[in-house]
Amino acid sequence: VQLQASGGGSVQAGGSLKLSCAASGRTFDNYAVGWFRQAPGKEREFVTAFAWSGGATYYEDLVKGRFAISGDNAKNTVYLQMSSLKPEDTAVYYCAARSFGPTFFGTYYQPTRYNYWGQGTQVTVSS
């Protein structure tokens, strides 16, 4: 499956952005989708993940209540709605996908467990 991430940009603190991750080559059925981010000089970190079948959803603690992941079956697209953005949210955001199975529930936050990655989209939040 090929992933195309888009929607990044520059906003002021407190603003909102909506990222999109469109899949081609295969539908998201039987997959889990995650968003990760990487700030300069830091490791890639987990943001949120979502199992397409069943809808199990997880969020990193720092984004809970501010970010929301969702999916659109008809468009084969996953979204990341980001609100109340903070300067520390500045990073390149990546969407990723992996086959869904029982192991997802214990490893959803591990980037190495995702097989497919989008190209990344820059999010910059200024104070």
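Reader: What makes cysteine 21 count as buried in this model?
Author: This is a predicted model, and in it cysteine 21 has 0% relative accessibility. Buried means under 20%, so with 0% cysteine 21 counts as buried.

Reader: And why is cysteine 95 called buried?
Author: Cysteine 95 also comes out at 0% relative accessibility. The cut-off is under 20%, so cysteine 95 counts as buried.

Reader: How do you know that cysteine 21 and cysteine 95 form a disulfide?
Author: Look at their sulfur atoms, which are 2.2 Å apart. A pair of cysteine sulfur atoms within 2.5 Å is a disulfide, so cysteine 21 and cysteine 95 form one. The count by this rule comes to one disulfide.

Reader: Which parts of the chain does the pair link?
Author: Distant ones: cysteine 21 sits in strand E3 and cysteine 95 in strand E9, 74 residues apart. The link has 70° about the S-S bond and is right-handed.

Reader: What lies between E7 and E8?
Author: Four residues, and the two strands form a hairpin. Asparagine 76 is in the turn, with a positive phi of about 50°.

Reader: What makes that phi worth a remark?
Author: Most residues other than glycine have a negative phi. Asparagine 76 has a positive one although it is not a glycine. Asparagine 30 is another such case, with a positive phi of about 70°.

Reader: Are asparagine 30 and asparagine 76 buried or exposed?
Author: Take asparagine 76, in the loop between E7 and E8. Its relative accessibility is 12%, which is under 20%, so asparagine 76 counts as buried. Asparagine 30 lies in the loop between strand E3 (17-24) and strand E4 (31-38). At 55% relative accessibility, asparagine 30 is over 50%, so it counts as exposed.

Reader: What is the largest pocket like?
Author: Its volume is about 200 Å³, and 13 residues line it. Arg37, Lys42, Glu45, Glu88 and Asp89 lie nearest its centre. Sorted by class, the lining has eight charged, three nonpolar and two polar residues.

Reader: Why is glutamate 88 called exposed?
Author: Glutamate 88 has a relative accessible area of 57%. Exposed means over 50%, so glutamate 88 is exposed. You'll find glutamate 88 in the loop between E8 and strand E9 (91-99).

Reader: How far apart are glutamate 88 and valine 125?
Author: In sequence, glutamate 88 and valine 125 are 37 residues apart. In space, they are 7.5 Å apart, C-alpha to C-alpha.

Note on methods:
Residues numbered from 1 in each chain as written. Predicted model: local features only at pLDDT ≥ 70, side-chain atom pairs only at ≥ 80, totals over all residues. Heavy atoms only, no water. 1 Å grid on protein atoms, 1.4 Å probe; cavity = no way out; pocket = protein on both sides within 12 Å on 5 of 7 lines; lining within 4 Å. Points joined across faces, edges and corners; volume = space filled by probe spheres on them. Nonpolar A, V, L, I, M, F, W, Y, C, P; charged D, E, K, R; others polar. Buried < 20%, exposed > 50% of the residue type's maximum accessible area, 1.4 Å probe, protein only. Pairing = 2+ DSSP bridges.
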